[in-house]
Amino acid sequence: MNIVVKPLEQSEVEITVSLPWEDWKKYADKAAKSIAKDVKMPGFRPGKVPQAVIEKKYGKEGILLEAADLAVQDSYAEVLRQEKLETIGRPKAEVKTAEEGKALEYVVTTAVMPKATLKPWKDAVKKINKEVAAEKIEASDEEVQKELERLAKTRAKFITVNRAAKTGDNVEVDFQVLRDGVVIENGTGKKHPLVLGSNTFIPGFEEKLIGMMAGEEAEFELSFPAEYHAKNLAGQTATFKVELRLVQERDVPALDDVFAQS
């Protein structure tokens, strides 16, 4: 097997492979058997049509093209191993020559992991370490308290309740976002988790859920922020249809010795 690797732009390579007839002629039998599985001919059981009959019906060219596909699939893996190529994405393969008695030639274009060259870095790191080592870093009581509270929230338990949702609750919602009566792209959600008061949705959305009970539905209009990341929605008004599916209290542990031991 002859292999030529040509580097291209954008971290791609072009791999030209030539596989001798002696190495790929075995795939002609496999191709004929593969085609025979789908061929129905009088006098023959499914999958038992002789290769000579297959060749007469489909021609040698059809079998050789099928054989070439099989040979490319098998040999390509060996090409990558021999050339030590770390490919990414889906390759594009094109068979150039697939004739009986001749070498199979094909070309594959594929992306590869880009090569990175590190600039001198040790002196820069030493300088930064020296500057940081000279700094006096202290944590205030307020900072410690906030970190403890953050840790406690990560250990919170969620307790399902049968009451109206309020700020601080964990909820699940189904929603649709519509413009002119049509659901926008990526404008649906099922069992979407949300902490009321976290301000993770667009302004006004979480406030509309406060006071709703599990199972209730609501419809309202809101405007997307002027600086919204999707430019086609920025500053635009949309209709929101929501169903509140679940309301849960967040049981945050007390900052005591039991919590510290946990």
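Which side chains meet in a salt bridge at 2.6 Å, N to O? In this predicted model, the answer is the pair formed by Glu78 and Arg81. Both residues belong to helix H3, which covers residues 51–83, and they stand three residues apart, about one turn of the helix. The two partners fall into separate classes of accessibility: Glu78 has a relative accessible area of 27% and is therefore partly exposed, whereas Arg81, at 57% relative accessibility, counts as exposed.

The count of salt bridges comes to nine. Another of them joins the side chains of Lys136 and Glu138, with a distance of 3.4 Å from N to O. Lys136 is exposed, since its relative accessible area is 74%, and Glu138 is likewise classed as exposed, with a relative accessibility of 59%.

A further salt bridge is formed between Glu249 and Arg163, whose closest N and O atoms are 3.2 Å apart. Because Glu249 lies in strand S9 (residues 237–251) while Arg163 lies in the loop between strand S5 (157–160) and S6, this pair ties together parts that are 86 residues apart in sequence. Glu249 counts as partly exposed, because its relative accessibility is 30% and the class runs between 20% and 50%.

Strand S6 contains Asn170. With a relative accessible area of 11%, Asn170 is buried, because this value is under 20%. When residues up to four places away in sequence are not counted, Asn170 touches Phe158, Leu194, Val195, Leu246, Val247, Gln248 and Arg250.

The largest pocket has a volume of about 320 Å³, and its lining is made up of 16 residues, of which Ile184, Glu185, Asn186, Tyr228 and Leu233 lie nearest the centre of the pocket. The elements that give two or more residues to this lining are strand S6 (170–179) and strand S7 (182–195). Strand S7 gives the most to the lining of the largest pocket, with a contribution of five residues.

On the surface, a nonpolar patch is formed by Val144, Leu148, Leu151 and Leu255, which together have about 290 Å² of accessible area. Val144, one of the residues of this patch, is found in helix H5, which comprises residues 141–154. The relative accessible area of Val144 is 41%, and the residue is therefore partly exposed.

Val95 is placed in strand S3, which spans residues 87–97, and it is classed as partly exposed because its relative accessibility is 31%. Apart from residues up to four places away in sequence, the contacts of Val95 are with Ala68, Val72, Leu104, Glu105 and Tyr106. The separation between Val95 and Glu135 may be given in two ways, for the two residues are 40 residues apart in sequence and 64 Å apart in space, taken from C-alpha to C-alpha.

Conventions: Residues numbered from 1 in each chain as written. Predicted model: local features only at pLDDT ≥ 70, side-chain atom pairs only at ≥ 80, totals over all residues. Heavy atoms only, no water. Helix = DSSP H or I, 4+ residues; strand = E, 2+ residues; numbered from the N terminus. Buried < 20%, exposed > 50% of the residue type's maximum accessible area, 1.4 Å probe, protein only. Contact = heavy atoms within 4.5 Å. Patch = residues over 30% accessible without salt bridge, like charges linked within 9 Å, V, L, I, M, F, W, Y side chains within 5 Å. Areas by Shrake-Rupley, 256 points an atom, 1.4 Å probe, with all protein chains shown as cover. Salt bridge = Lys/Arg side-chain N within 4 Å of Asp/Glu carboxyl O. 1 Å grid on protein atoms, 1.4 Å probe; cavity = no way out; pocket = protein on both sides within 12 Å on 5 of 7 lines; lining within 4 Å. Points joined across faces, edges and corners; volume = space filled by probe spheres on them.
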